[in-house]
Every structure is written in structure tokens, then in C-alpha cells.
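Please look over the model shown here. The report below it takes the fold, the sheet, the helices and the pairing of the chains in turn.

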Number of protein chains: 2
Amino acid sequence: MKRKAAPTSQACSAQELEDALSVLDGRWKTLIIYHLFTAPVLRFSDLRRAVEGISQKMLIQQRRDLEADGVIFRKVYPVVPPKVEYGLTKDGLALRPALQALQDWAKSRTPPKA
Amino acid sequence: MKRKAAPTSQACSAQELEDALSVLDGRWKTLIIYHLFTAPVLRFSDLRRAVEGISQKMLIQQRRDLEADGVIFRKVYPVVPPKVEYGLTKDGLALRPALQALQDWAKSRTPPKA
DNA sequence: CTGGATCCTATTGGATACTG
DNA sequence: CAGTATCCAATAGGATCCAG
């Protein structure tokens, strides 16, 4: 679901949390970001292979959202076979601790079943 | 969107991240958890007022998911006017650093516009 | 290679009425 | 008070075809 600007008009800082989540929401965003941690930059096709399972549409769409949110940057090379590289911006990189914390949580909590 | 078990069958630990996100996904889950940080336990109506904007259906539904994921517990009092209290489990509380990190990120990144 | 545009379906989530 | 059930609208996301 799309979390738009929270209607929370109060002083409640749950607002900030919503703000952060709104950036990461979407089935693939976090995955895209995650994979961008593994390399300085990735090309479109690299990302598509990395995320694996993502449709072209989603990769473009969610990538664009992330770009709009200033999390990832896009560098286009004006060459014959189009070449575009994507990478994390300052804000994107700053997201690492948070994602790491989530990942740690997933690992540490009462082991599911497997 | 519902993030079901990631089909990622590889050794890639993006899986863990997905796992964590799947628990928090849903428009209100993080908000519910967030508000449960503010008190040891909250009653149904308390939560409803706290989250504010959430429909009864969503509160029940998402709360139940969180319960199923072992993030929050539910204590029913067999009294005349039904009384049920909700609180965070061990795993739920362990989620705090992660959510805090996200919140910090939201605050620290290039100030939007407001 | 990158990515835009459509069509289409599953899911999400909101409103409301009803029950113990 | 807490929870359920149903009807409905909005949206996310997948497949596919087209274009620079």
C-alpha cells in the first residue's frame, strides 16, 4: 500500500516513522537498496538480475520512486547501447544502519521454524 | 502489498530483510507497534484512539498479523464488558532499535521541504 | 540496453451493519 | 467493548507489447 503523507497533524512523532516507511514501502524497494549496498553502482540489467523475480515495470517504477525520494541516483551514459548506472546517494547510504537493524532483528527473533 | 515468503532460494541474505519487512508491511503495523512502545499495554479502544485514522477492521486485522508473527501479545479478561489488552512481546520490543534507526534516518536526511 | 504504456487481476484497505 | 462479516473502491503489481 502506498503510505502517503500521514494525516497525523499532531505533535506525535509517529509521523517520522511513517515518513521513513513511506520511502521503503513497495515490495521491492528495500531489496533494491539492499543490493545497491553490494556494489558502488549497478546497471539496469544488473539490478534486474540481482533482485531476481522483479518485473521490469516494478524495477523501473520503484527505482524511480527511490530516486524521487533522493535515496538513489541515476547516471546516464550517452552511448549507443544505452547505459545507465544506479547507486545510493548520501541519504541512501545513511539507510544502511536501519536496514541492518531490521535484518539483525529478523535473525535474532525466535527462530521461525526452519 | 503482501510480502510472502521470499522466493529467494539462494544464499543471499536479502531474505532476512524481506522477512523483517514482511512483518512490518501493512499500512498500520509499524504505527501500532510504535504506539505500543509508549505504554506497557493498551486496550483495543486505546489503540484505536492512538493510531487515529485506522479503521476497526484494519486495527483488528493488522493486530492479528502482528500477533501471529509473535510481535505483540494479547491478554483477554473474561469480564462482563469485554476487556482485552495488547502489548509487545520480547520480539516486539526487540524491534525498537530498528524502528528507532528508521525514525532517526527520517529525521536526519536532507530535510524535505517543510 | 533501458524504459515507457496498457491491460488485467489480486490484494489492500475503508465504511458499515451486526453479534456476544 | 471487542470482534466479525460483507460490500466496495483504490491500488499494487505482473505480463506484454512498443520505442529510443
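What follows is a short report, heading by heading.

## Basis of the model

This is a predicted model: local features need pLDDT of at least 70, side-chain atom pairs count only at pLDDT 80 or more, and totals for chains, interfaces and linings use all residues. Residues are numbered from 1 along each chain as its sequence is written, chains are lettered from A and ligands numbered from 1 in the order in which they are written, and side-chain values use heavy atoms, with hydrogens and water left out.

## Overall fold of chain A

Chain A has six helices and three strands. These are DSSP runs, numbered from the N terminus: H or I over at least four residues for helices, E over at least two for strands. Along the sequence the pattern reads α-α-β-α-α-β-β-α-α.

Of the 114 residues of chain A, 45% are buried. Buried means under 20% relative accessible area, exposed means over 50%, and partly exposed lies in between (1.4 Å probe, protein chains only). The chain exposes about 6,100 Å², with 55% of that supplied by carbon and sulfur atoms. Accessible areas come from the Shrake-Rupley method with a 1.4 Å probe; for residues, only the protein chains shown count as cover. Contact means heavy atoms within 4.5 Å. Among contacts in chain A between residues at least 6 apart in sequence, 48% link residues at least 24 apart.

## The sheet

In chain A, three strands make an open sheet in the order β1-β3-β2, with antiparallel pairing. β1 (42–43) and β2 (72–77) of chain A are the edge strands; each has a single partner strand, so one side of each lacks a neighbour in the sheet. Two strands pair if DSSP finds at least two bridges between them. Six bridges join β2(A) to β3 (residues 83–88) of chain A in the antiparallel sense. Among the partners, A:Tyr77 bridges to A:Lys83 in β3(A), and A:Ile72 stands opposite A:Leu88. β2(A) and β3(A) form a hairpin with five residues between them. Helix α2 (residues 29–37) of chain A lies across β1, β2 and β3 of that chain, at about 90° to β3(A). Axes are lines fitted to C-alpha atoms, for helices over the stretch in contact, and angles run from 0 to 180 degrees between N-to-C directions.

In chain B, strand β3 (residues 83–88) has five of its six residues buried, so the rest of the structure largely encloses it. Strand β1 (residues 42–43) of chain B pairs with β3(B) in the antiparallel sense over two bridges; B:Arg43 is partnered there by B:Glu85. Strand β2 (residues 72–77) of chain B also pairs with β3(B) in the antiparallel sense, over six bridges. Five residues connect β2(B) to β3(B) in a hairpin.

## Helix α1 and its cover

Helix α1 (residues 14–24) of chain A is mostly covered, with eight of its 11 residues buried. Among them are A:Leu17, A:Leu21 and A:Leu24, along with A:Glu18 and A:Ser22. The cover includes α2, α4 (56–68) and α6 (96–108) of chain A, together with α2 (29–37) and α6 (96–108) of chain B. A:Gly26 follows α1(A) and has a positive phi, near 115°.

In chain B, B:Ser22 sits in helix α1 (residues 14–24). B:Ser22 counts as buried, at 17% relative accessibility. Neighbours within four places in sequence aside, B:Ser22 contacts B:Arg3 and B:Lys29.

## A loop serine

B:Ser55 lies in the loop between α3 (44–51) and α4 (56–68) of chain B. Its relative accessible area is 33%, so B:Ser55 is partly exposed. B:Trp28 is 27 residues from B:Ser55 in sequence, and their C-alpha atoms are 10.0 Å apart.

## Core and symmetry

The largest nonpolar core holds 66 residues, and A:Leu102 and B:Leu102 touch the most other members. Such a core is a set of buried Ala, Val, Leu, Ile, Met, Phe, Trp, Tyr and Cys residues joined through side-chain atoms within 4.5 Å. Residues up to four places away in sequence aside, A:Leu102 touches residues of chain B including B:Leu17, B:Leu95 and B:Leu102.

Chain B can be laid on chain A by a turn of 180° and a shift of 0.0 Å along the axis, with an RMSD of 0.1 Å. The two copies are thus related as by a two-fold rotation axis. Copies are superposed by least squares on the C-alpha atoms of residues with pLDDT of at least 70 in both. Of the interface residues of chain B, 100% are also interface residues in chain A, so the copies meet through the same surface.
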